[in-house]
Amino acid sequence: MISRILNLIKLLSGYFLSRLMRRVIHWGSPASLSIEPTNCCNLNCPECPSGMNLLTRDKGIIDFTLYQNLLDQLSPTLYYLNLYFQGEPYIHPQFTDMVRMAKSKKIYVSTSTNGHFLTPENASATIESGLDKLIISLDGTDAESYEQYRIGGNINKVITGIKEIVEQKKAGGSKKPAIILQFLMLKSNQHQVKQILQLGKDLGVDKVELKTAQFYEFKEGNPLMPDDLRFSRYKKIKSNPEDYPRYEIRNRLSNHCFRMWSSCVVTWDGAVVPCCFDKDATNTMGNLKDQAFEKIWKNEAYREFRKRILSSRKSIDICMNCTE
């Protein structure tokens, strides 16, 4: 624990000095990490590059030995691990073993699922693994609204899975995982906010979270974008009266981002990318199959990327949808 606290102090010190001096000063190792168990998915959600087969990178599942080696390298300073990036994590046959290994190293572990694999067996294995937080996506309170986005999904199957893990938690007296019902705000479900809050209460989940949707093509609007822009990460702008209504992200995109100093993402095949907005790993800093993590974390490519964050974040394509 002391090594993790000292590491966080290093990260924060380097980050604030970098902002103050406008040059990259970077100390420490990641305090937070996302690892992709797989980029395969059982659904075909229209704004998901994995579900729509838009990823140019290969599909696969992470090798368990690669995962184990990475944890061995980072566990002394790593506090938070998110076992999710693209794809559905429960497709990996050793997913709960991955959780169990991280928990043996006293790391906080979360994941996000579409909820279609929460069978009685998986629910039991999830609770026994020690998973700290389980985010379950439920983007509608009826089949019609749900299936407009979760194409290929079955709302009844998801609700059955939620009930299963909630009941098993209660029966075993377990406080973990915290079950978060995530509601992606869309035009198809924006009228169901009260209903999803009530459904979450009825199901006995720990929390319901409303999440704004990310759209890759948003400047001219998107058919899925909520009409009520309170539920959107974008705002309407007008450049001139003859123009079509245009949209821009609400975030000002200031020239700093603590994530670039404190965390990163590792894809299933070992690529290290700076952020979860880099879905297709177009800004790969190195690959763990070729180098130790520490060399990638401190290399010149990463340094140059952090330098761009400090000088012109708006020029970086993966930042254009960022809410940080």
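User: How many aromatic pairs does a search of the whole structure find?

Analyst: Keep in mind that this is a predicted model. Searching the whole structure gives eleven aromatic pairs. One of them joins Phe-293 and Trp-297, whose rings are stacked, at 5.7 Å centre to centre with 25° between the planes.

User: Where do Phe-293 and Trp-297 lie, and how many residues apart are they?

Analyst: Start with the general idea. With 3.6 residues a turn in an α-helix, residues three or four places apart point the same way. Here, both Phe-293 and Trp-297 belong to helix α9 (residues 293-297) and are four residues apart, about one turn of the helix.

User: Is Trp-297 buried or exposed?

Analyst: Trp-297 is buried, at a relative accessible area of 0%. Phe-293 likewise has a relative accessible area of 0%, and is buried.

User: Why is the pair of Trp-297 and Tyr-302 edge-to-face?

Analyst: Look at the angle between the planes: over 60 degrees counts as edge-to-face. The planes of Trp-297 and Tyr-302 stand at 80°, with ring centres 5.4 Å apart, so this pair is edge-to-face. Tyr-302 is buried too, with a relative accessible area of 0%.

User: Which residue lies over the face of Tyr-302?

Analyst: That is Arg-306, at 3.9 Å from the ring centre. A charge also sits over a ring at Phe-231, where the charged end of Arg-230 is 5.2 Å from the ring centre.

User: Which residues form one aromatic cluster?

Analyst: Tyr-15, Phe-16, Phe-258 and Trp-261 do. Tyr-15 is also one of the buried residues of helix α1, so let's turn to that helix.

User: How many residues does α1 have, and what span does it reach?

Analyst: Helix α1 (residues 2-21) has 20 residues and reaches 28 Å from its first C-alpha to its last, close to the 28 Å expected at 1.5 Å a residue. After α1 comes Arg-22, with a positive phi near 60°.

User: Which residues of α1 are buried, and why do they line one face of the helix?

Analyst: The buried ones are Arg-4, Asn-7, Leu-11, Gly-14, Tyr-15 and Ser-18. Viewed down the axis of α1, these residues fall within an arc of 100°, so they line one face of the helix. On the face turned away from that buried side are the exposed residues Ile-2 and Leu-20.

User: What do the buried residues of α1 pack against?

Analyst: They pack against α8 (259-262) and α10 (300-312).

Notes. Residues are numbered from 1 along each chain as its sequence is written. This is a predicted model: local features need pLDDT of at least 70, side-chain atom pairs count only at pLDDT 80 or more; totals for chains, interfaces and linings use all residues. Side-chain values use heavy atoms; hydrogens and water are left out. Rings of Phe, Tyr and Trp (its six-membered ring) pair if their centres lie within 6.5 Å; planes under 30 degrees apart count as stacked, over 60 as edge-to-face and the rest as tilted. Helices (H or I, at least four residues) and strands (E, at least two) are DSSP runs, numbered from the N terminus. Buried means under 20% relative accessible area, exposed over 50%, partly exposed in between (1.4 Å probe, protein chains only). A charge sits over a ring if NZ of Lys or CZ of Arg is within 6 Å of the ring centre and within 35 degrees of the ring normal. The expected span of a helix is 1.5 Å times one less than its number of residues. The arc is that of the directions from the helix axis to the C-beta atoms. Contact means heavy atoms within 4.5 Å.
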